[in-house]
Amino acid sequence: MSFSDSFFAARFGISRRDLENYLSEALSRGGDYADLYFEYIATSSIGIDESIVKSATQGVTLGVGVRVIAGERTGYAYAGDLSPEKIKHAAQVAAMIAAGPAKVESVPLDEGPRRNLYPVLTSPNETSFAERVALVQRADQAARAADSRVFQVQASYADSLRQILIATSDGVISYDRQPMARMSVYVLARAADGVPQQGHSGGGGRYELEWFRTERTPEYFAKEAVRQAIVQLGAVDAPAGENVVVLGPGWPGVLLHEAVGHGLEADFNRKGVSAFSGRIGQLVASPLCTVIDDGTLGGSALGGRRGSINVDDEGNLTQRNVLIENGILQGYLQDKLSSRVTGAAATGSGRRESYEHIPMPRMTNTFMLAGESDPEEIIRSVPRGLYCASFAGGQVDITSGNFVFSASESYLIEDGKLTRPVKNATLIGNGPEALKYISMVGNDLKLDEGIGICGKEGQSVPVGVGIPTVRIDKMTVGGTA
Amino acid sequence: MSSRSELDNLQEIARDAIQQALSAGATDAECTLAEGSEFSANVRMGELETLKEAGSRGAGLRVLIGKKTGSSYTSDLTPEGVRHMVAAAVELAALTTEDPHVGLPDASELGSIPGDLRLFSEDVAKLPAAQKIDAARRAEAAALAYDPRITKSEGGSFESSTASRIFANSRGFSGAYAATWCSLTAVPVASQGEAMERDYWYSLARDFAGLEDPESVGRRAAERAVRRLGAVKVETTKAPVIFEPRIARSLLGNLFEAVEGKSIYREASFLAGKLGEKIADERFTLIDDGTLPGLFGSQPFDDEGVPTRRTPVIEKGVLKNYLLNTYTARKLGMKTTGNASRGITGNAGIGHGNFYLEPGTKSPEEMIAGIKDGFYVTELIGSGVNTVTGDYSRGAAGVWIRNGELAFPVSEVTIASTLQEMLNGIGEIGNDLEFRGSTSAPTIMIGEMTIAGR
């Protein structure tokens with residue numbers, strides 16, 4: 001495929017000449033760099049509640065964002081349609097960040113390198129709606145059939161197809177087609193004493209709809225949500241204070257996202273306000289830890305992972321970035337502005353929520369490489385502690401480095417065995433310190449099911465996480481017991 | 001912008017979309033349009049760093065065919081875009097399930113409260129960019145000048161917004177209103193040795209004149225950041241906890257989730273089935289009021305075209321009302337409280353107006369003075385609140401209270417309890433209620449919580 005066959009050229013008649021003209025307009029007051037970001041998103045969503053399909057929505061948004069960089073300054077404007085007058089106006093508004101005569105007269109554009117990590121032939125949102133409605137109905141039935149204590153089931157399905165086109169004054173045109181689909185199931189179950197507990201499960205990625213019929217079915221997610229709710233029915237109060245904590249494989253990788261990932265985003269480090277600022281080359285984790293952010297992970301024959309993208313939202317190819325190697329901090333995640341200012345090489349980490357947003361350095365799929373320990377041996381090594389199988393999310397204060405994450409399924413470890421389930425509790429630690437207490441790393445690296453959303457400064461982007469079983473010798477658990 | 005003729009034009013688009021939906025077989029329809037423009041400027045270390053200015057608009061439609069529902073939205077308000085939107089919603093309605101409780105509000109419930117709510121101010125739209133940037137610059141400069149330990153900054157920023165909202169339905173409702181806001185924020189970083197601490201302060205108003213002056217915003221942000229330096233992790237203990245107003249608001253956010261109709265009819269709230277029962281200390285009175293002029297939770301009608309109103313949620317500790325839209329009211333056999341809320345499309349969810357806790361009599365200083373050992377919380381992080389069970393566990397930072405005085409900063413700890421015990425164990429409610437944003441609370445003291453640290 002070449003640019004003339006790409007989505008924006010074919011559907012909206014956007015030509016190379018148009019892009020060059022808009023970029024020249026954006027640079028007309030002397031900016032050093034400019035880019036255009038065209039975006040078209042078609043979405044659909046379906047929700048079932050009380051076995052009634054109560055909602056079905058579809059829609060489209062279209063727009064273009066224009067950015068101008070002058071030194072460390074950024075000017076940004078956007079237009080909600082593709083009329084040349086609106087785009088030119090946005091370019092003129094963004095150009096105001098600079099003041100002076102144009103330094104760059106014309107911008108000849110060439111296509112950047114291309115690849116396809118998610119060769120999805122039919123995007124889920126191009127399939128029949130009835131097929132997608134059937135997925136939430138199956139989830140509802142499976143959850144209700146799984147256990148008689150289940151009394152509420154909600155299931156949702158959502159997909160999107162995002163078409164983007166990026167043209168930069170570096171002279172590069174990039175474009176990508178980014179399909180996405182996910183399902184989630186939420187249940188409430190009631191014990192004999194009448195107190196309800198919730199369970200939640202879900203997953204997805206940049207896959208064909210077939211993925212939900214063969215690899216992760218509605219029944220799979222339904223049973224997992226029910227299992228979590230039922231486990232909670234017997235939960236006891238979580239301990240309060242410092243404990244040995246063992247994280248199970250997969251979704252608990254959210255620890256890495258919060259404890260180190262955000263703190264390694266280059267914008268914070270360029271400003272010197274991250275707890276990791278100026279620490280490259282230093283030991284920030286146990287030597288057992290190697291942490292990667294990789295936007296290129298494939299998923300299966302049916303598509304790619306949720307956190308993966310072919311090109312980032314600034315037109316750079318994504319790549320595998322080593323953040324921490326054997327405990328030593330290696331580098332930061334860059335966006336174009338940070339790369340320009342600090343001279344660091346691009347890492348393919350510039351992402352944005354939509355055309356209305358300025359790109360920032362963001363994570364993609366963040367995970368720790370497997371170690372050598374047998375996961376069962378890790379649990380056996382703990383006389384008394386907490387085992388966390390799943391989390392509901394987390395948050396970090398990147399300046400102090402303090403982070404939290406909320407356990408949604410955890411168990412007491414007593415004499416090397418998992419015993420009673422405990423109630424949800426928040427775990428808290430400090431980024432540059434917490435990973436130093438990792439004393440065992442399992443051989444069982446697992447990635448999450450594909451449901452992560454990362455929020456930063458009001459912008460949400462899809463991400464993935466992963467981790468093998470790890471033992472952390474000291475972490476504060478926020479229970480009441 | 002939001003001129004009268006532009007609003008009229010948008011209302012016409014909404015009414016036209018509804019007519020088209022009815023012609024295509026819908027038995028009822030409702031259409032929301034939103035239009036707005038935003039401005040933001042960030043100044044860091046004295047230099048303008050980011051300047052953003054743009055406008056956008058969008059439309060959403062929800063149709064009913066008998067008891068089935070379909071929805072759609074578009075950013076394309078041309079006749080062709082609207083036609084596609086109508087066709088998409090009608091197509092989807094055929095695929096959903098009949099729901100006996102679905103439907104628009106009764107015609108008698110529709111309307112708009114009279115009078116000017118003072119949501120719109122001309123000066124926000126007219127203020128020159130240079131003046132907005134200058135305010136951001138002054139706020140940051142005041143923070144940097146406050147103390148030599150303020151060495152870095154994430155900047156001073158000014159944001160403003162002008163937005164219009166249009167809603168019409170097939171039962172004859174058609175309404176529009178415009179609103180403005182602006183805000184000024186400073187985010188300084190204090191450092192001491194290797195350790196850094198960040199904090200912020202902001203002011204938010206419907207008009208420029210209502211903002212705190214930039215020097216005050218900067219100074220308060222800096223005071224807060226410096227106060228956090230040298231924080232320690234305390235030993236695990238049980239003690240009284242004070243939530244400063246900024247933090248107390250998050251507790252109201254948790255309570256909102258527990259009293260909104262959707263979680264009630266699903267029995268997904270620890271307050272489901274408790275109407276009329278005493279669930280909190282008798283000094284606890286929680287109000288929702290969407291009718292207060294000039295405030296951030298006010299609007300003339302909710303997102304289903306029902307007038308907003310004042311609803312006491314908890315009165316002297318007794319749970320009096322849930323917050324409902326039309327659907328959840330019908331599920332519960334009640335009447336809507338005018339709390340429907342939605343983006344531009346889909347079924348209406350539930351939102352709140354000005355959701356606030358009535359003030360008590362003691363000043364925050366008096367509350368602190370009465371505590372021998374306790375924790376004054378100035379920051380909470382994480383999402384560890386389960387409103388189904390009431391279990392509460394969040395990451396916290398703040399200042400330790402010793403012998404009635406703020407003694408030393410604390411961080412990397414958690415506070416835990418249950419919402420039930422916290423509501424019943426209210427120690428004091430402060431006299432310092434101030435309306436900031438749409439959720440407002442005075443200082444709150446909880447008699448005892450578990451603080452987990454070393």
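Domain bounds in these legends come from an automatic or database domain assignment.

**View 1. The two domains of chain B in the predicted model.** The domain assignment places residues 4-225 of chain B in domain 1 and residues 231-454 in domain 2. Between the C-alpha centres of domain 1 and domain 2 of chain B the distance is 24 Å. Residues are numbered from 1 along each chain as its sequence is written, and chains are lettered from A and ligands numbered from 1 in the order in which they are written. This is a predicted model in which local features need pLDDT of at least 70 and side-chain atom pairs count only at pLDDT 80 or more, whereas totals for chains, interfaces and linings use all residues. Chain B has an average pLDDT (the predictor's confidence in each residue, from 0 to 100) of 96, and 99% of its residues score at least 70. For the complex, the predictor gives an ipTM of 0.93 and a pTM of 0.95.

**View 2. The side of domain 1 of chain B that touches domain 2 of chain B.** Domain 1 of chain B brings 32 residues to this contact and domain 2 of chain B brings 27 residues; two residues are in contact if their C-beta atoms, placed from the backbone, lie within 7 Å. On the domain 1 side, at least two residues each come from β1 (28-44), β2 (47-65), β3 (68-74), β4 (150-169) and β5 (174-192) of chain B. Strands (E, at least two residues) are DSSP runs, numbered from the N terminus. With 5 residues, β2(B) supplies the largest share of this side. Its composition is 15 nonpolar, 12 polar and 5 charged residues, where Ala, Val, Leu, Ile, Met, Phe, Trp, Tyr, Cys and Pro count as nonpolar, Asp, Glu, Lys and Arg as charged, and the others, Gly among them, as polar.

**View 3. An open sheet of 5 strands in chain B.** The strand order is β11-β10-β9-β14-β19, with mixed pairing; two strands pair if DSSP finds at least two bridges between them. Because β11 (318-319) and β19 (439-440) of chain B stand at the edges with a single partner strand each, one side of each has no neighbour in the sheet. Strands β9 (residues 286-289) and β14 (residues 354-357) of chain B are antiparallel and joined over 4 bridges. Within this pair, L286(B) lies opposite L357(B) of β14(B).

**View 4. The contact between chain A and chain B.** Chain A contributes 65 residues and chain B 58 residues. Strand β2 (residues 52-70) of chain A provides 12 residues, the largest share of the chain A side. That side comprises 28 nonpolar, 28 polar and 9 charged residues.

**View 5. Strand pairing between the chains.** Strand β3 (residues 73-79) of chain A runs parallel to β2(B), with 3 bridges in the pairing. Y76(A) faces K52(B), a residue of β2(B).
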